[in-house]
Amino acid sequence: MTRLILASQSPARTKLLHNAGIAHEVLVSDVDEDAVQARYGVTDPHDTALLLARAKAEAVASLPEADGAIVIGCDSVFEFDGEAHGKPYTADVARERMLRMSGSMGVLHTGHWLVDCRDTDADADGDDGARGTGATLGSVSSAEVHFMEMSAGEIETYIATGEPLQCAGSFTIDGYGGAFIRKVDGDPHTVVGLSISTLRALLGQANVGITELWTGGAVDPADVRAE
């Protein structure tokens, strides 16, 4: 079976893969995001998301633990009023951003980068599994996020939960922050931080069908079926 490694410590991304029944391991990269951006001078939010996703994937792909696996790295950047917003980290930054975002709209860009670390000389019929492609490629999935009006009290209470401080753009869609999102134009998984359909397309370019990674461990349909 093909091994998939997620080069991210994001609980939301690994939960998303788990709920989609996609077998994967987690191996966190040690990438200094600020240093990477300073080195390449990239400021465009779309390109920044792809650049950081690539840095994370390539850092993990260089580790011996990644031998024989496919590595996927992801990074999300929120674009608002032409500015790139990563994680706010502090309550003051989150507050300033959310007051501006209230009743408005921004674009969440999630970069994906795949590195095929499988042996390109492997015998597809042997014990080593399928032949690797040597692929290193990426894609960005973007979605418009439309926010409801938020009161100052709601923003303060949300910040007090700690949730927005470690999220690109200072919000989530799959947690408390979902209460403030009116609609999403685009793949909702993009807003979580990993587009399953984009992952499928990248895997396909590495000659791997996403169904090969299905474990049968996805969310039980009985748990989500409408009554």
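User: Which residue follows helix α4, and what is its phi?

Analyst: G103 follows α4, and its phi is positive, near 75 degrees. Helices (H or I, at least four residues) and strands (E, at least two) are DSSP runs here, numbered from the N terminus. This is a predicted model, in which local features need pLDDT of at least 70 and side-chain atom pairs count only at pLDDT 80 or more, while totals for chains, interfaces and linings use all residues. Residues are numbered from 1 along each chain as its sequence is written, and side-chain values use heavy atoms, with hydrogens and water left out.

User: What follows α5?

Analyst: That is G162, with a positive phi near 85 degrees.

User: Which residue other than glycine has a positive phi near 55 degrees?

Analyst: As a general idea, most residues other than glycine have a negative phi. Here, D81 has a positive phi near 55 degrees. D81 belongs to the loop between β3 and β4, and is exposed with a relative accessible area of 58%. For reference, buried means under 20% relative accessible area, exposed over 50%, and partly exposed in between (1.4 Å probe, protein chains only). N207 is not a glycine either, yet its phi is positive at about 60 degrees. Look for N207 in the loop between α7 (196-205) and α8 (221-224), where N207 counts as exposed at 63% relative accessibility.

User: On to helix faces. Which residues of α4 are buried?

Analyst: The general idea is that an α-helix has 3.6 residues a turn, so residues three or four places apart point the same way. In α4, the buried residues are A94, R97, M98 and M101. Viewed down the axis of α4, these fall within an arc of 95 degrees, so they line one face of the helix. The arc is that of the directions from the helix axis to the C-beta atoms.

User: What covers the buried residues of α4?

Analyst: The cover includes β3 (69-80), β4 (83-85), β6 (136-147) and α5. Contact, by the way, means heavy atoms within 4.5 Å.

User: Which residues are buried in α5, and why are they on the same side?

Analyst: I155, Y158 and I159 are the buried ones. They are on the same side of α5 because they cover an arc of only 100 degrees around the axis. T157 and A160 are exposed on the other side of α5. The buried residues of α5 pack against α4.

User: How do I describe that pair, and at what angle do the axes of α4 and α5 cross?

Analyst: Two packed helices are described by the angle between their axes and the distance between the axes. For α4 (residues 91-101) and α5 (residues 152-160), the axes come within 10 Å and cross at roughly 145 degrees. Axes are lines fitted to C-alpha atoms, for helices over the stretch in contact, and angles run from 0 to 180 degrees between N-to-C directions. The crossing of α4 and α5 is right-handed. A crossing is left-handed if the near helix is turned anticlockwise from the far one by less than a right angle, and right-handed if clockwise.

User: Which residues of α4 and α5 meet?

Analyst: From α4, A91, A94, R95, M98 and L99 meet I155, E156, Y158 and I159 of α5. Sorted by class, this contact has 7 nonpolar, no polar and 2 charged residues. Ala, Val, Leu, Ile, Met, Phe, Trp, Tyr, Cys and Pro count as nonpolar, Asp, Glu, Lys and Arg as charged, and the others, Gly among them, as polar.

User: Now a loop residue. Where is S104, and what does S104 touch?

Analyst: S104 sits in the loop between α4 and β5 (105-116), partly exposed with a relative accessible area of 28%. Not counting residues up to four places away in sequence, S104 touches F80, V145, H146 and F147. The C-alpha atoms of S104 and A143 are separated by 14 Å, and these residues are 39 residues apart along the chain.

User: Is T43 buried or exposed?

Analyst: T43 is exposed, with a relative accessible area of 66%. The place of T43 is the loop between α2 (33-40) and α3 (45-61). Leaving aside neighbours within four places in sequence, T43 is in contact with T48 and A84.

User: Last topic: how many disulfides are there, and why?

Analyst: A disulfide is a pair of cysteine sulfur atoms within 2.5 Å. The count is 0 disulfides. The sulfur of C74 has its closest cysteine sulfur in C117, 15 Å away, so the two are too far for a bond. C74 is buried, at a relative accessible area of 0%, and C117 also counts as buried, at 18%.
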